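Biologist: I am new to this structure and would like to learn how to read its features. Please take them one at a time.

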Amino acid sequence: MDIGLKLLYIKGLIQKNIWKVKLTREELQEKRPEAAAYINGARDTENDLKQVQLAIVELETELRLHGREINRCLHINGELKQRIQELEHELKFKDVKL
C-alpha cells in the first residue's frame, strides 16, 4: 500500500476511535454521571488519541519535506552527471587522459 494511502487510512482509524470514545464518554456523562473513573478514563484516552493524531500530522509534514529534499538532490545529481559527461566529451576531443 502506498505510504500516502496508509497514512490516510491510519488517520481515519484514529479519528473513528476518537469519535467512539467521545460518544461513549458523553453517553456515560448523561446516563451514569457517577461513573467518574470511566468518564475520566475516556477523556484521557480521547486526549491521548488527539495527541497521536497531531504527531501523525507532524510526521507526515516531515516526510513530505524529506521527499522534496530527495527529489531536489536527485535533480542536482542528474545535472552533475550530465556535466561530467560533457566534460569527459570535451577531454576526449582534447586527447587528455584521466
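Modeller: Start with salt bridges: one is a side-chain nitrogen of Lys or Arg within 4 Å of a carboxyl oxygen of Asp or Glu. The model here is predicted. In it, Arg32 and Glu34 form such a pair, at 3.5 Å from N to O.

Biologist: How many salt bridges does a search of the whole structure find?

Modeller: Nine. Among them is the pair Lys31 and Glu27, with N and O 3.7 Å apart. Both residues lie in helix H1, four residues apart, which is about one turn of the helix. Another pair is Arg72 and Glu69, whose closest N and O atoms are 2.8 Å apart. These two sit in helix H2, three residues apart, again about one turn. Salt bridges with shared partners also join Lys11, Glu60 and Arg64 into one network.

Biologist: Is Lys31 buried or exposed?

Modeller: Exposed means over 50% relative accessible area, and buried means under 20%. Lys31 has 57%, so it counts as exposed.

Biologist: Which residues of H2 are buried?

Modeller: They are Ile39, Ala42, Glu46, Leu49, Ile56 and Glu60, and they pack against H1. H2 itself runs over residues 36-93, 58 residues in total. From first C-alpha to last H2 reaches 86 Å, close to the 86 Å expected at 1.5 Å a residue. After H2 comes Asp95, with a positive phi near 55°.

Biologist: Which residues make up the largest nonpolar core?

Modeller: A core of this kind is a set of buried nonpolar residues joined through their side chains. The largest one has seven members: Leu7, Ile14, Ile18, Val21, Ala42, Leu49 and Ile56. H1 and H2 are the elements that give two or more residues to this core, and H1 has the largest share, four residues. For one member, Leu49, the contacts beyond four places in sequence are Ile14, Asn17, Ile18 and Val21.

Biologist: Which residues form a nonpolar patch on the surface?

Modeller: Met1, Leu5, Leu8, Tyr9 and Ile10 do, with about 570 Å² of accessible area together. Of these, Leu5 is found in helix H1, residues 3-31.

Notes. Residues numbered from 1 in each chain as written. Predicted model: local features only at pLDDT ≥ 70, side-chain atom pairs only at ≥ 80, totals over all residues. Heavy atoms only, no water. Patch = residues over 30% accessible without salt bridge, like charges linked within 9 Å, V, L, I, M, F, W, Y side chains within 5 Å. Areas by Shrake-Rupley, 256 points an atom, 1.4 Å probe, with all protein chains shown as cover. Expected span 1.5 Å × (residues − 1). Buried < 20%, exposed > 50% of the residue type's maximum accessible area, 1.4 Å probe, protein only. Contact = heavy atoms within 4.5 Å. Core = buried A, V, L, I, M, F, W, Y, C linked by side-chain atoms within 4.5 Å.
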